[in-house]
Amino acid sequence: MPVAASAIYFLNLRGDVLINRTYRDDVGGNMVDAFRTHIMQTKELGNCPVRQIGGCSFVYMRISNVYIVIVVSSNANVACGFKFVVEAVALFKSYFGGAFDEDAIKNNFVLIYELLDEIMDFGYPQNLSPEILKLYITQEGVRSPFSSKPKDKPVPNATLQVTGAVGWRREGLSYKKNEVFLDIVESVNLLMSSKGNVLRCDVTGKVLMKCFLSGMPDLKLGLNDKLGLEKESEMKSRPAKSGKTIELDDVTFHQCVNLTRFNSEKTVSFVPPDGEFELMKYRITEGVNLPFRVLPTIKELGRTRMEVNVKVKSVFGAKMFALGVVVKIPVPKQTAKTNFQVTTGRAKYNPSIDCLDKKFPGQTESTLSAEIELISTMGEKKSWTRPPIQMEFQVPMFTASGLRVRFLKVWEKSGYNTVEWVRYITKAGSYEIRC
Amino acid sequence: MPPPAASSRYPSPSQPSGKSEVTDLKSQLRQLAGSRAPGVDDSKRDLFKKVISYMTIGIDVSSVFGEMVMCSATSDIVLKKMCYLYVGNYAKGNPDLSLLTINFLQRDCKDEDPMIRGLALRSLCSLRVPNLVEYLLGPLGSGLKDNNSYVRTIAVTGVLKLYHISASTCIDAEFPATLKSLMLHDSDAQVVANCLAALQEIWSLEASHSEEACREKESLLSKPLIYYFLNRYSYLKGRSKFQYGGVCFCRIKEFNEWAQCLILELAVKYVPSDSNDIFDIMNLLEDRLQHANGAVVLATVKVFLQLTLSMTDVHQQVYERIKSPLLTLVSSGSPEQSYAILSHLHLLVVRAPFIFASDYKHFYCQYNEPSYVKKLKLEMLTAIANESNTYEIVTELCEYAANVDIEIARESIRAVGKIALQQYDVNAIVDRLLQFLEMEKDYVTAETLVLVKDLLRKHPQWSHDCISVVGGISSKNIQEPKAKAALIWMLGEYAQDMSDAPYILENLIENWEEEHSAEVRLHLLTAAMKCFFKRAPETQKALGIALAAGIADFHQDVHDRALFYYRVLQYDVHVAERVVSPPQQAVSAFADTQSSEIKDRIFDEFNSLSVIYQKPSYIFTDKEHRGPFEFSDELGSTSITPEVSSDIVPAQQFEANDKDLLLSTDEKDDNKGLSSNNGSAYTAPYESSNISSQMQELAISGPAASATTTQSSFDFDDLLGLGLSTAPAPTPSPPLLKLNARAALDPRAFQQKWRQLPISLSQEYSVNPQGIAALTVPQSLIKHMQSHSIHCIASGGQSPNFKFFFFAQKEAEPLDYLTECIINSSSAKAQIKVKADEQSTSQAFATVFETALSKFGMP
């Protein structure tokens, strides 16, 4: 039985129940005590997100300062359970308007009860789509008081929508100005050895979309990926346009995308939900353009002194620039004194040495050189384990994968004009350089 | 009976008892109850909110039940919802008061607003008061016929809830039949999905005592129905012409992602009629692998894997196909989600390591990942290491050995060791391991020592390199018993190569009293003996002290071993040497820790908790053996019933031994001294020593210690009180099948074959008492069968259940017979399962096997 949850608990960090909902009777009401005493108050907490106590399994995750615990007694579907929690939190966030934490739960508990009732029935997830639920769960969080909220939509209509044909979009939307915002957000994961070899490198990207379109528009998105381009040139029987094409390792789409058409014609076509959503996710491992090169040299001079020299080089176009660049250079715990110079930006000691650069232009180089004095500890022969150097950054208008949007076509029967906006940004995922 | 509801919940000490507040609320509610003044709803809302918030933080507000019900007469939907919530929470504890609510709930079920109808119906079904079920039937029946789909979805789940309250009422009202027709004809996808969920649950619970339900359950898996569901949700193909029961679904709609999981789970159980059928379904579902919801992807993966189990080539292709979606899921989402996916990937990696061999970089750990993710990744790296990627993987693992997280550092060293034991080219790895010893961290040294010991047992040729480094380690720096035992074993084994071995041992023996671990003391005794045979003058004194201390030891095992050594030495020093320190024999393979059946069983339960726990579901969901309130600290501790115990033995063993690679070995050599070599490196006799381990020591020493082998085994039989003469002599039938005496099969090939071949024969034999007696040393059976050209590939188990895997090869033809043999020594029965390349001769082989087995234990 693919039951996703028998009960769901929201606990704060102390273990107090903020809200709970029991969906099935096969778990006891005091199961949460078991969780508190056997998991929260022991070292087990960080050890494994799925644990069994007695006959019940606890599937839990922490989101900001709240633990969300799912209790099941059967051989449940864990992936479904986790996904349910993540989706539910996303739903709550869209109701509260942003944050999901202990206070938000306390302030909106009636609303959460209502939602918990709707999104799951007897352990089976029902509808978690915010667009649809917002039609008939009319409370607007704490942002608007109850009494002043007029019921502008007749409820019977809304319930028809609950399970309508295009479950993610309601009919009769209308905007004065039809706009589409497309954001390509990539995060680069890098693991580089101390010798400068790339051990592992990949890019996970998301295409985020914000739609303000009237009616029921059909959208078609073209990217410069290899599969799509080949198919296109084949169909139009002309050679592929010159220019860089990239190969996506794997793609997943929002449920609105017509997957059958993607498989047969390699075009991304869809009827978008209203508002903001994640259209697709992709992963690339080949041909990644790393935005930064880091060249560290660390010398341990005897037992009390170290010399650190880190060179950071930006290798993207000279006209572009990176924002919020942070290079975290780890130093031993017994550091007594640090002395450093940086060529650009500033640096501070903050258990590790952090070099901060608000703006880092392309094709430039920045160097940090530091001297570190250590407290000599008695009888400590342990050599320092040298955690990797970590980097944070954001590079607007740059994609590490080289992905570009070639076109975005909007077609609606009324034939209105749309304005399309496209942005690119590359962020650091886990960007680690061993030293 | 389910436990009491939330009303009895643990009140946190920091929260007020709230008694006076509740009384306040009560009077305020009473005032509002009859009021029809404008704005009364707003003040009611505030009060209701207060009640609910008290309820949430655990204050018992059940005393205002009556007032809440009185206030429920309102048209305000939010108020209603709060009221329903309250009623649902407390009805169970107050069955009498709940009767009050029935009235207004029933009225609401007829409200003109479908929203209210639905909500009221849901609350009505959630009251969970058995004596109120009669009131449920009417509203449920009309709910199922409601023209609004929202009400129908709720009514369908309501039927399932009713079934759990009172199964007979639900069946008598013929709700399942109604659900079935709804499932086939309703236009709303969510209604259909809920029908499916409800029917699956009801019928599988009913199936145990009703044949009809059994049939219905089967019918859910019929071809038309499966296609009905699958086509329905892939309607976007736009050409679904499928007809069922005369109704044509032209306007079929897509199920939501959760319902898709449900349907995919159903499709897994479907048995396709032919290969076209399989490909049809896979084509239909292929695009599901691109779905953003990980649960849908995993469910699809399961369908693909199960459908193609019988088609080896396609099965391989499926692995290739699902690899990249799974890897994407791992790298996106929260660590908890990637953990769930990684656990499944782990299962697949272990099943088909070669497919993932080139993707090893995906399993490199990131610095900030939680340790549970890292641990899984390390295991996967170990599993996929092969000739082409070992160097990179080991290099990477060596990086982790310096990790701040000690547990991960240990795991990664173990992983390096495991890879070393798997591979033929260990040259580079040995160097790495020896470098670990130079890191001078206690835990690194400890783990490495254990591994070096295992490595030396398998590859004695490396002794020279290892010993020179190990010799430099000061025993004072090693605290962990396992590591200490390993070091002592090496000191004893290689005493002739380490100049100061006797002196280190002497030092250790002098501190006998401070040594808390019995394991270490046992090893100390054996090592002192071995050292004595090689360098007698230097060790004699130390050995004397050790034996004296050992005999005086309070630990039974240590005492017995010391006494035994003493007596053997007294009898004859040369015999003692043959017993304790025979020529070294390399161990060719360490036994696999988890049986392939357990693994297959987990694989069948893909996409469930079994995969996460790495054990089949019957172990952790068996409610008869563990009530919901029985908390055990040990995750691994399970109650075992006699009828399943034979299956569980390997699993337990897995738990106990997963950190210790020392286990029974398969032998290819007929050297009699081999078993005693194992005995000396044996770490088994811990606290839980039983008589059989003692016997084992005895039996091992038996043949060598006394000149007449048979005599000793007679003594041994007498010890168990079994008269030899009374045993009936079995009449051996002439073997019809000639077996190849020198057959060879490596364990991996065996595993693969075992998985692929069907069981061609399964039989039960009784084993003669002598055989059972001789079985206290499982090795003896292995040797006995070998003399009949049936070779053992793996063995395990503890008294009374022993398990062996044998293989044999037909003379002059490369046809293998694989046999699993489970011998229960208390019932004297042997169960065998034979899988053969050539099915027709499996009976003949079984006869040979039986003949061989019947002679076991006979002199």
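**Close-up views of a two-chain predicted model**

Ser74(A) is buried, with a relative accessible area of 18% (buried means under 20% relative accessible area, exposed over 50%, and partly exposed in between, with a 1.4 Å probe and protein chains only). This is a predicted model, in which local features need pLDDT of at least 70, side-chain atom pairs count only at pLDDT 80 or more, and totals for chains, interfaces and linings use all residues. Residues are numbered from 1 along each chain as its sequence is written, chains are lettered from A and ligands numbered from 1 in the order in which they are written, and side-chain values use heavy atoms, with hydrogens and water left out.

**View 1. Ser74(A) lies in a loop of chain A.** The loop runs between strand S5 (66-72) and H2 of chain A. Helices (H or I, at least four residues) and strands (E, at least two) are DSSP runs, numbered from the N terminus. From Ser74(A) to Phe181(A) the distance is 44 Å, C-alpha to C-alpha, with the two 107 residues apart in sequence.

**View 2. Chain A and chain B bury about 9400 Å² between them.** Carbon and sulfur atoms account for 56% of this buried area, which is the accessible area (1.4 Å probe) that two parts lose on being put together, summed over both. Gln52(A), Asn75(A) and Arg200(A) supply 7% of the area that chain A buries against chain B, more than any other three residues. In contact (heavy atoms within 4.5 Å) are 102 residues of chain A and 108 residues of chain B.

**View 3. Arg434(A) forms a salt bridge with Glu399(B).** Their closest N and O atoms are 3.9 Å apart. A salt bridge is a side-chain nitrogen of Lys or Arg within 4 Å of a carboxyl oxygen of Asp or Glu; the rule finds 7 of them across the interface of chain A and chain B. Helix H2 (residues 78-96) of chain A gives 8 residues to the side of chain A that touches chain B, the largest share.

**View 4. Glu174(B) has a positive phi of about 55° although it is not a glycine.** Glu174(B) sits in the loop between helix H9 (167-172) and helix H10 (175-185) of chain B. Its relative accessibility is 54%, so Glu174(B) counts as exposed.

**View 5. Gln614(B), also not a glycine, has a positive phi near 55°.** The loop that holds Gln614(B) is between helix H33 (609-613) and helix H34 (617-621) of chain B. Gln614(B) counts as partly exposed because its relative accessibility is 23%.
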